[in-house]
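Thanks for coming. Please look at the structure first, and then I will walk through a few helix contacts, a pocket and a loop.

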Amino acid sequence: MNKTIGFIGCGNMAQAIMGGILKSGLVENHSVKASARTQETQEKVAEEFGVGVISDNKSVAAFSDIVFLAVKPDQYRNIVESIKDSLKKDAIIITIAAGITIDWMESQLSKSVKIVRTMPNTPSLVGEGMTTYCVNGELTDADLEDVKAILDSFGKSEMVEESLMDAIPAVSGSSPAYVFMFIEALADGAVLQGVPRKQAYQLAAQAVLGAAKMVLETGTHPGELKDAVCSPGGATIEAVSALEKNNFKGAILTAMDACSRKSKSLGE
């Protein structure tokens, strides 16, 4: 791709996306520039990813055909105000913060600008991200192809209506944290039964990866896949029964509702 890509902010998510883009070979290292507030982060990211990292947000904006705003929601107002006059005329601005709407971005920039609102997740770092996105009416078909190529370079992407974006963190943006907790719990249970810790994590993580792959590749309903593992009177249905008695699904739904409510509040 003959585009320059900038990251304003170099936190975990920015690093995950940057790593995925570079690992895919979509652009070369010299086509990526980033900004970070601390010297420590600048040096860490420059060494790990082989890209230019500076403290000047305006320089990154002026350099980039495509700009990722990888800062926390409460920092957006000041960041956008500081870089808006440095942006290239046809720059594509990609947001990754919960609650930041396209309308709000357009109002802050006070001009016609290409906006992509996204919600990625940290598995982008290993090329297995899930990113949902929506766009405003300023992007051309060629722009949409570029955006799709970038988002797919570190996993999979799905375009959705913006009205759904506040629901996305709960199901894919934040959910890796729930899955990590689940893997940790599985491993703890294995250790309790005498399995060495390192092997326990390997067994648990691979089981989760394999189960997810079955859902994606077979297209079979998860409930049907679960039923196929549960032999009558067997150990698996005993475990499923225990999970249901302890409100397993209900706890997840409650967590997702809390996540969605917080996401909406971040944009207020």
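**Helix pairs, a pocket and a loop**

The crossing of α4 and α5 is right-handed. Right-handed here means the near helix is turned clockwise from the far one by less than a right angle, and left-handed means anticlockwise. Helices are DSSP runs of H or I with at least four residues, strands are runs of E with at least two, and both are numbered from the N terminus.

Before I go on: this is a predicted model, where local features need pLDDT of at least 70 and side-chain atom pairs count only at pLDDT 80 or more, while totals for chains, interfaces and linings use all residues. Residues are numbered from 1 along each chain as its sequence is written, and side-chain values use heavy atoms, with hydrogens and water left out.

Back to the pair. Helix α4 covers residues 76-83 and helix α5 covers residues 102-109. They pack at about 40 degrees, with axes 9 Å apart. Axes are lines fitted to C-alpha atoms, for helices over the stretch in contact, and angles run from 0 to 180 degrees between N-to-C directions. α4 and α5 are therefore oblique to each other. The scale: under 35 degrees is roughly parallel, over 145 roughly antiparallel, 65 to 115 roughly perpendicular, and the rest oblique.

Who touches whom? Y76, R77 and V80 in α4 meet W104, M105, Q108 and L109 in α5. Contact means heavy atoms within 4.5 Å. By class, that contact has five nonpolar residues, one polar and one charged. Nonpolar means Ala, Val, Leu, Ile, Met, Phe, Trp, Tyr, Cys and Pro; charged means Asp, Glu, Lys and Arg; the others, Gly among them, are polar.

Next pair: α1 and α2, the latter being residues 39-49. Their axes come within 11 Å and cross at roughly 20 degrees. So α1 and α2 are roughly parallel to each other. α1 passes α2 in a right-handed crossing. On the α1 side we have Q15, M18, G19 and L22, and they meet K44, V45, E48 and F49 in α2. That contact divides into four nonpolar, two polar and two charged residues.

The crossing of α8 past α9 is right-handed. α8 residues including F182, I183 and L186 meet α9 residues, among them Y201, A204 and V208. The contact has 12 nonpolar residues, no polar ones and three charged.

Now the pocket. Which residues lie nearest the centre of the second largest pocket? They are G11, M13, A70, V71 and K72, out of 35 lining residues. By class, the lining has 20 nonpolar, 12 polar and three charged residues. The largest share, four residues, comes from α12.

Last, the loop. P123 lies between β6 (114-119) and β7 (129-135). Not counting residues up to four places away in sequence, P123 touches E128, G129 and P176. P123 and F154 are 31 residues apart in sequence, but 8.3 Å apart in space, C-alpha to C-alpha.

Notes
On a 1 Å grid over the protein atoms alone, a cavity is a set of points where a 1.4 Å probe fits but cannot get out, and a pocket is an open set with protein on both sides within 12 Å along at least five of seven lines; lining residues have an atom within 4 Å of a point.
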